[in-house]
Amino acid sequence: MPSTYMKFDGELIEELSNKIPSALFALNELIKNSYDAFSPSVIIEISPANQTISISDKGNGMGPSEIDKLFHISHSSKNYGQVIYKEEIERITQGSKGLGFLAAFKFGDRVEWSTCRNGELSKFSLVKSKLVAEDDLSGIEIEIDTDKSSENG
């Protein structure tokens, strides 16, 4: 019996990222990700000269399995409103839609991530315009550079 498989056009990225109504809303989504990762603070640096915005935190960070889940569109392991604990800290989960990474595209075409977890630093990036131009996103490979690190976040 013949079979086929699911395909996802790059225009899906454009359509979903356009659902984020404003840069302020997008910034809020990224800050909520830091909150859900138990970061005690979030640092936002804006450099008009370099045309960059940097958002950093000291949260849990992401390892290989969390990075893999980051790009599973519309899938999230978080449940909005669920109480989560880390040591003696209690937080109410803010994210749950599985679209958080799209918020970063509200600030530019190229987004770079640098994340540390359990002594491993992972760096990876995406260019929105290249994704949107693809006929099928299901096989897109995202290269991850790794190194050692002594921090999380």
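Me: Is Ile-67 buried or exposed?
Reply: In this predicted model, Ile-67 is found in helix α3, which covers residues 64–70. Its relative accessible area comes to 3%, and a residue counts as buried when that value is under 20%. Because 3% falls under that cut-off, Ile-67 is buried.

Me: Which residues does Ile-67 touch, not counting residues up to four places away in sequence?
Reply: Contact here means that heavy atoms lie within 4.5 Å. With residues up to four places away in sequence left aside, the residues that Ile-67 touches are Met-62, Thr-115, Ser-122, Phe-124 and Ile-144.

Me: What distance separates the C-alpha atoms of Ile-67 and Trp-113?
Reply: Along the chain, Ile-67 and Trp-113 are 46 residues apart.

Me: Which element gives the largest share of the lining of the second largest pocket?
Reply: The second largest pocket has a volume of about 480 Å³, and the elements that give two or more residues to its lining are α1 (11–18) and α3. The lining is made up of 17 residues, and those nearest the centre of the pocket are Phe-71, His-72, Ile-73, Leu-137 and Ile-142. The largest share, three residues, comes from α3.

Me: How many residues in the lining of the second largest pocket are nonpolar?
Reply: Sorted by class, the lining of this pocket includes two polar residues and one charged residue. The nonpolar residues in the lining number 14.

Me: Which residue in the hairpin of β1 and β2 takes a positive phi?
Reply: Strand β1 (residues 42–47) and strand β2 (residues 52–57) run antiparallel and are joined by six bridges, with Ile-43 standing opposite Ser-56 in β2. Four residues lie between the two strands of this hairpin. The residue with a positive phi, near 55 degrees, is Gln-51.

Me: Which residue in β7 does Lys-123 stand opposite?
Reply: Strand β6, which covers residues 120–127, pairs with β7 in the antiparallel sense over four bridges. Within β7, the residue opposite Lys-123 is Asp-145.

Key: Residues are numbered from 1 along each chain as its sequence is written. This is a predicted model: local features need pLDDT of at least 70, side-chain atom pairs count only at pLDDT 80 or more; totals for chains, interfaces and linings use all residues. Side-chain values use heavy atoms; hydrogens and water are left out. Buried means under 20% relative accessible area, exposed over 50%, partly exposed in between (1.4 Å probe, protein chains only). On a 1 Å grid over the protein atoms alone, a cavity is a set of points where a 1.4 Å probe fits but cannot get out, and a pocket is an open set with protein on both sides within 12 Å along at least five of seven lines; lining residues have an atom within 4 Å of a point. Grid points are joined across faces, edges and corners, and a volume is the space filled by probe spheres set on the points. Ala, Val, Leu, Ile, Met, Phe, Trp, Tyr, Cys and Pro count as nonpolar, Asp, Glu, Lys and Arg as charged, and the others, Gly among them, as polar. Two strands pair if DSSP finds at least two bridges between them.
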